[in-house]
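Try each task before you read its solution.

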Amino acid sequence: MKALEELLGVMATLRDPERGCPWDREQDFRSIVPHTLEEAYEVADAMERGDRAAMRDELGDLLFQVVFYAQIAREEGSFDFDAIARGVVDKLIRRHPHVFGERRETSAATQRATWEAIKAEERAARMDGDQPPSALDDVPLALPALTRSRKLQSRAARVGFDWPEAHHVVDKVREELAELEEAMADTPRDQTHIHEEMGDLLLACVNLSRQLGVDPEQALRDGNRKFERRFRGLEAILADAGEDPESVDFQRLEAAYQQAKASDRGS
């Protein structure tokens, strides 16, 4: 692909010791991680907005991050872009024996089970012989907390550590909420205890989300977007009435929010 070859060439020039960009030359694997995460979120934002032009641009920025890592690795002699591409090709073929091999799956569920079994074998093969394998191995620490919690709980569920029905998890959410309320009622308040109980409550909420087939990270992103839309409606309502949000009491703010909420539902 000519465009990809040109991109790899541009990256090599940016890192050139004599005529490259000073900022690009200073970077290493760790220093560009925050930029990679930011680009991934910008891709997600473009996807949610349905902006195809932005999606193209942001995916290009994300691809550039991969090229950046590959160039650094090539310079140190550990791997290059071709090795990255070859690795993912081999992985995809290995994980899809029903497409590239003899095996035939009868449903998406059986294919998913095969996928997870193959991934478990790969994890076991990578483990240190002195360290027993765990169902929770290789869940990245850098994931957003809600996403990581869902992945950890999904892994545990695969080995049977799971509530049989969603209503059991609802009971657990109520139990954790009651424990948080008890911690809040302590005199004096123990902020460490409150912090711990809040974490337990969030963990139970993620579990309920998983049981209901809802991605908690996406649900919260959608909830944030809905709150932002309705709060902006609150601000517009107050502005039309010649009022300033900072100068009215909470009851007025709540009334305006409920008005914006009703208008939002009706639109």
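**Exercise 1. The chain as a whole**

What share of the contacts in the chain with a separation of 6 or more comes from residues 24 or more positions apart? Then describe the secondary structure of the chain and its overall dimensions.

*Solution.* Keep in mind that you are looking at a predicted model.

Step 1: among contacts with a separation of 6 or more, residues 24 or more positions apart account for 50%.

Step 2: the secondary structure amounts to twelve helices and zero strands, and the pattern along the sequence reads α-α-α-α-α-α-α-α-α-α-α-α.

Step 3: the C-alpha trace spans about 65 × 50 × 45 Å along its principal axes. The radius of gyration of the chain is 25 Å, whereas a compact globule of 267 residues would have one near 18 Å.

Step 4: finish with burial, where 25% of the 267 residues in the chain are buried.

**Exercise 2. Helix α1 against helix α4**

Classify the crossing of α1 and α4, and list the residues that make the contact.

Step 1: helix α1 covers residues 2-14 and helix α4 covers residues 52-76; their axes come within 10 Å and cross at roughly 55 degrees.

Step 2: an angle like this makes α1 oblique to α4.

Step 3: for handedness, the crossing in which α1 passes α4 is right-handed.

Step 4: α1 contributes L7, L8, M11, A12 and L14 to the contact, while α4 contributes L63, F64, V67, F68, Q71 and R74. Sorted by class, the residues of this contact are nine nonpolar, one polar and one charged.

**Exercise 3. Helix α9 against helix α10**

Repeat the analysis for α9 and α10, and explain why the two helices get the orientation label they do.

*Solution.* Step 1: the axes of α9 (residues 166-185) and α10 (residues 191-211) come within 9 Å, and they cross at roughly 165 degrees.

Step 1: angles over 145 degrees count as roughly antiparallel. The helices α9 and α10 are therefore roughly antiparallel to each other.

Step 2: the crossing of this pair is left-handed.

Step 3: on the α9 side, the residues in the contact include V169, V173, L177 and L180, and on the α10 side they include I194, L201, A204 and L208. Counted by class, the contact of α9 with α10 has 14 nonpolar, three polar and five charged residues.

**Exercise 4. Two residues up close**

Are V173 and I237 buried or exposed? For each, find its contacts beyond four places in sequence.

*Solution.* Step 1: start with V173, a residue of helix α9. V173 is buried because its relative accessible area is 16%, and buried means under 20%.

Step 1: setting aside neighbours within four places in sequence, V173 is in contact with L201, A204, C205 and L208.

Step 2: as a distance check, V173 and R232 are 59 residues apart in sequence and 31 Å apart in space, C-alpha to C-alpha.

Step 3: move on to I237, which lies in helix α11 (residues 216-240). With a relative accessibility of 16%, I237 counts as buried.

Step 4: not counting residues up to four places away in sequence, I237 touches R252, A256, Q259 and A260. I237 and L143 are 94 residues apart in sequence, and their C-alpha atoms are 38 Å apart in space.

Definitions and conventions: Residues numbered from 1 in each chain as written. Predicted model: local features only at pLDDT ≥ 70, side-chain atom pairs only at ≥ 80, totals over all residues. Heavy atoms only, no water. Axes fitted to C-alpha atoms, helices over the stretch in contact; angles between N-to-C directions. Helix = DSSP H or I, 4+ residues; strand = E, 2+ residues; numbered from the N terminus. Parallel < 35°, antiparallel > 145°, perpendicular 65-115°, else oblique. Left-handed = near helix turned anticlockwise from the far one by under 90°. Contact = heavy atoms within 4.5 Å. Nonpolar A, V, L, I, M, F, W, Y, C, P; charged D, E, K, R; others polar. Rg over C-alpha atoms; globule rule 2.2 N^0.38 Å. Buried < 20%, exposed > 50% of the residue type's maximum accessible area, 1.4 Å probe, protein only.
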